[in-house]
Amino acid sequence: MKVYIDYIRSVGSYSTIFSFLCYLIYMGSNIFSGIWLSMWTDDTYLANRNLSDTEEYADKTNLYIGLYGGLGVIQGIFTYSFSASMLVKTVVASNVLHNAMLNNIMRSPMSFFDTTPIGRIVNRFSKDVDVLDNMLPNVLRQSVQSMGRVLISLINISYSTPIVLSVIVPVVILYVLMQRVYIPASRQIRRIDSTTKSPIYVHFSETLSGVSSIRAYAAQERFYENSMRLVDYNMKFYFGSIVASSWLQIRLQFLGNVIVLAAAMFAQADTGLTAGLAGLAVSYAQQVTGALSQVIQVATQAETNIVSAERILEYSEIETEAAWKNPKLRLPEPWPEDGEIDFDDLQIKYREGLELVLRGITCNIKGGEKVGIVGRTGAGKSSLSVALFRLVEAASGKISIDNQNIATLGLHDLRKNITILPQDPVIFSGTLRMNLDPAEMYTDHQIWEALEHAHLKGFVTNLPSQLDYECGEGGQNLSMGQRQLVCLARCLLRKSKILVLDEATAAVDMETDDLIQKTIRTEFKSSTVLTIAHRLNTIMDYDR
């Protein structure tokens with residue numbers, strides 16, 4: 001129920017009330033049009049064809065036709081208003097839920113991405129959002145319309161032959177009982193079906209990223225069989241949903257035929273029933289069969305499709321990082337001025353339940369110092385940079401920059417003033433200009449100057465599109481050394497007071513390593529530089 005309430009809130013309370021009012025008006029006009037048609041049929045004056053030339057006959061005929069036509073126009077206007085408002089607002093609700101999930105995912109801590117398979121996240125943004133965009137709006141609209149059809153049919157039947165209700169009421173109870181059996185089973189099958197799709201996405205993504213290694217080790221057949229096994233496992237639950245639907249359809253059709261039979265028998269047995277009312281009862285008895293069947297079908301579809309909204313809402317409520325801005329704290333401009341860093345009894349763990357990776361780190365790094373951090377694999381070197389950027393919050397202790405505790409800062413205020421050059425260069429699909437200046441803060445002259453200092457100006461000048469050159473997905477149109485130099489140029493544009501090099505030259509050749517180190521020594525001579533390195537020659541001339 002909470003999922004439905006949250007979904008209605010995203011649609012909008014006033015929009016929901018307006019849609020239901022439109023449909024109530026449509027229902028009222030539909031009921032009255034059926035009764036009005038039976039009155040027209042039973043009018044004895046109009047039944048006498050000998051009076052067809054009289055003025056009263058023409059007036060009565062025009063009255064019946066005019067009012068019936070007017071009721072039809074009213075039904076058309078309000079059913080269109082209902083459908084249009086509901087479809088538009090449900091798509092708006094899908095957009096609201098998608099943006100809420102996206103906002104939360106973008107602000108999620110690293111521990112979330114460490115414990116959540118990427119395929120599961122992709123499944124939320126693809127399959128579940130598609131259900132909210134295309135399937136759920138129609139299902140909800142059909143749910144309201146089918147329930148309205150049932151009410152219209154019951155009211156018309158009770159008006160013409162109330163005794164039929166003695167059969168309809170037990171049948172409706174049986175419908176409800178079948179619904180209580182079928183819907184929970186169908187919902188669980190749908191949930192398992194959605195869950196078993198995630199490993200398929202994960203496996204496919206991993207296969208694409210590692211296709212060269214798969215071919216090199218001739219492991220194509222193993223990956224093919226694994227993919228087919230995952231698809232077959234998912235298809236079991238899809239087949240289960242089809243079988244459950246067939247089980248329901250057989251029983252619904254049988255109960256529907258019982259209602260039609262009862263309506264026909266009671267209409268025949270009641271000698272005082274007029275032809276118009278008998279026709280009204282039988283016709284709506286036939287409609288109530290389809291309406292009740294559709295109610296269960298669309299209710300089941302709503303229950304199964306609302307699972308997608310539940311899954312999206314789940315990711316909209318996960319724990320996020322600290323606030324991006326701290327309105328209560330205004331940093332001086334420029335900050336940091338000196339670049340002094342203090343580690344005070346710092347302890348770090350990547351998430352609750354895991355061991356500490358840093359234990360009681362205490363040191364002071366003066367502004368402008370060049371400090372090398374060397375140690376064996378797993379010693380916690382990169383964890384220092386993780387703590388500095390607050391990708392993981394300190395379990396205890398603190399880090400201060402220019403005597404300002406970074407735990408009190410907004411994350412944007414902290415991260416925009418520190419620059420990192422990572423081991424794996426991050427290049428996005430797009431132009432070279434976009435990768436160098438994604439926020440469009442710098443002029444072309446500044447970008448070219450940064451490229452010159454990064455020893456890339458000659459390469460970029462010879463490109464046909466120069467700054468508008470497409471780097472490709474992950475920078476596939478650039479070599480590994482060029483990607484790292486592009487990241488270096490990005491650092492040069494920002495010219496932060498604190499620079500972190502996280503094994504930035506471990507994956508490049510010695511020549512590129514020398515270029516990077518030479519640039520850092522000249523362009524960041526007044527900045528505080530923390531270098532995590534494996535090669536001792538990289539940090540030989542550092543202060544400590």
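A residue counts here as buried when its relative accessible area is under 20%, as exposed when over 50%, and as partly exposed in between (1.4 Å probe, protein chains only). The model is a predicted one, so to speak of local features takes a pLDDT of at least 70, and side-chain atom pairs count only at pLDDT 80 or more, while totals for chains, interfaces and linings use all residues. Residues are numbered from 1 along each chain as its sequence is written, and side-chain values use heavy atoms, with hydrogens and water left out.

The chain splits into domain 1 (1-145 + 307-320) and domain 2 (341-538), with bounds taken from an automatic or database domain assignment. Between the C-alpha centres of the two domains lie 52 Å.

Now to the salt bridges, each being a side-chain nitrogen of Lys or Arg within 4 Å of a carboxyl oxygen of Asp or Glu. The structure has 12 of them. Arg-124 pairs with Glu-314 at 3.3 Å, N to O. This pair ties together distant parts of the chain, 190 residues apart: Glu-314 sits in helix H10 (residues 275-316) and Arg-124 in helix H6 (residues 118-160). Glu-314 is partly exposed because its relative accessibility is 43%. Asp-128 and Arg-311 form another salt bridge, at 2.8 Å, N to O. Here too H6 is linked to H10, with Asp-128 in the former and Arg-311 in the latter, 183 residues apart. Both Asp-128 and Arg-311 are buried. Glu-355 and Arg-359 also pair up, at 3.7 Å, N to O, and these two are exposed.

Four strands make up an open, parallel sheet in the order E3-E8-E7-E6; helices (H or I, at least four residues) and strands (E, at least two) are DSSP runs numbered from the N terminus, and two strands pair if DSSP finds at least two bridges between them. E3 (370-373) and E6 (418-421) are the edge strands, each with a single partner, so one side of each has no neighbour in the sheet. From one strand to the next the twist averages 15°. E3 and E8 (residues 528-532) run parallel and are joined by four bridges, with Lys-370 standing opposite Val-529 in E8. Helix H16 (residues 480-494) packs on the sheet, touching E6 and E7 (498-502), and its direction makes about 170° with that of E6. Contact means heavy atoms within 4.5 Å, and axes are lines fitted to C-alpha atoms (for helices over the stretch in contact), with angles from 0 to 180 degrees between N-to-C directions.
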